[in-house]
Amino acid sequence: TKDILTRGEQFLEESNKAWKVYQALPQTPEEKLLSDDVEKKRSEYISNGLQAMIKAVRDGNAQQADALVMAGILPASRALEAS
């Protein structure tokens, strides 16, 4: 489990780097509005979803991790995907 969590954190770090590269590209005003919306939903998904779940798993709290997936990660993921 520890190796899986570490690998997941590495993927998240790579995702953050790629997102920063994208945000540094020139954007039209319309595209900026869209990317700002995605940024807000992405931050929610990562902070209150993925990172909270990783912490719960590291702490050995499987019940909390499961609850976070159902109540936090899945809805936040759907909102991010829709953006």
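Guide: Let us begin with a pair of side chains. Both Lys55 and Asp59 are exposed in this predicted model.

Visitor: How far apart are the closest N and O atoms of Lys55 and Asp59?

Guide: Side chains of opposite charge can pair when their charged atoms come close. A salt bridge requires the nitrogen and the carboxyl oxygen to lie within 4 Å. Lys55 and Asp59 form such a salt bridge, and their closest N and O atoms are separated by 2.6 Å.

Visitor: How many salt bridges are there by this rule?

Guide: The pair of Lys55 and Asp59 forms a salt bridge. By the rule of 4 Å, the count comes to 5 salt bridges.

Visitor: In which helix do Lys17 and Glu13 both lie?

Guide: The side chains of Lys17 and Glu13 meet in a salt bridge, at 3.6 Å from N to O. The two residues are 4 residues apart, about one turn of the helix. The helix that holds both Lys17 and Glu13 is H1, residues 2-24.

Visitor: Does Lys17 count as buried or exposed?

Guide: Exposed means over 50% relative accessible area. Glu13, at 46%, is partly exposed. Lys17 has a relative accessibility of 52%, so Lys17 counts as exposed.

Visitor: Are H1 and H2 roughly parallel or roughly antiparallel to each other?

Guide: The two helices pack at an angle of about 165°, and their axes are 12 Å apart. Angles over 145 degrees count as roughly antiparallel. H1 and H2 are therefore roughly antiparallel.

Visitor: Is the crossing of H1 and H2 left-handed or right-handed?

Guide: The axes of H1 and H2 are 12 Å apart where these helices pack. The way in which H1 passes H2 makes the crossing left-handed.

Visitor: How many nonpolar residues does the contact of H1 with H2 have?

Guide: From H1, the residues in contact include Leu5, Leu12 and Trp19, and those they meet in H2 include Val38, Ile46 and Leu50. By class, the contact of H1 with H2 has 6 polar residues, 6 charged residues and a nonpolar group numbering 9.

Definitions and conventions. Residues numbered from 1 in each chain as written. Predicted model: local features only at pLDDT ≥ 70, side-chain atom pairs only at ≥ 80, totals over all residues. Heavy atoms only, no water. Buried < 20%, exposed > 50% of the residue type's maximum accessible area, 1.4 Å probe, protein only. Axes fitted to C-alpha atoms, helices over the stretch in contact; angles between N-to-C directions. Parallel < 35°, antiparallel > 145°, perpendicular 65-115°, else oblique. Left-handed = near helix turned anticlockwise from the far one by under 90°. Contact = heavy atoms within 4.5 Å. Nonpolar A, V, L, I, M, F, W, Y, C, P; charged D, E, K, R; others polar.
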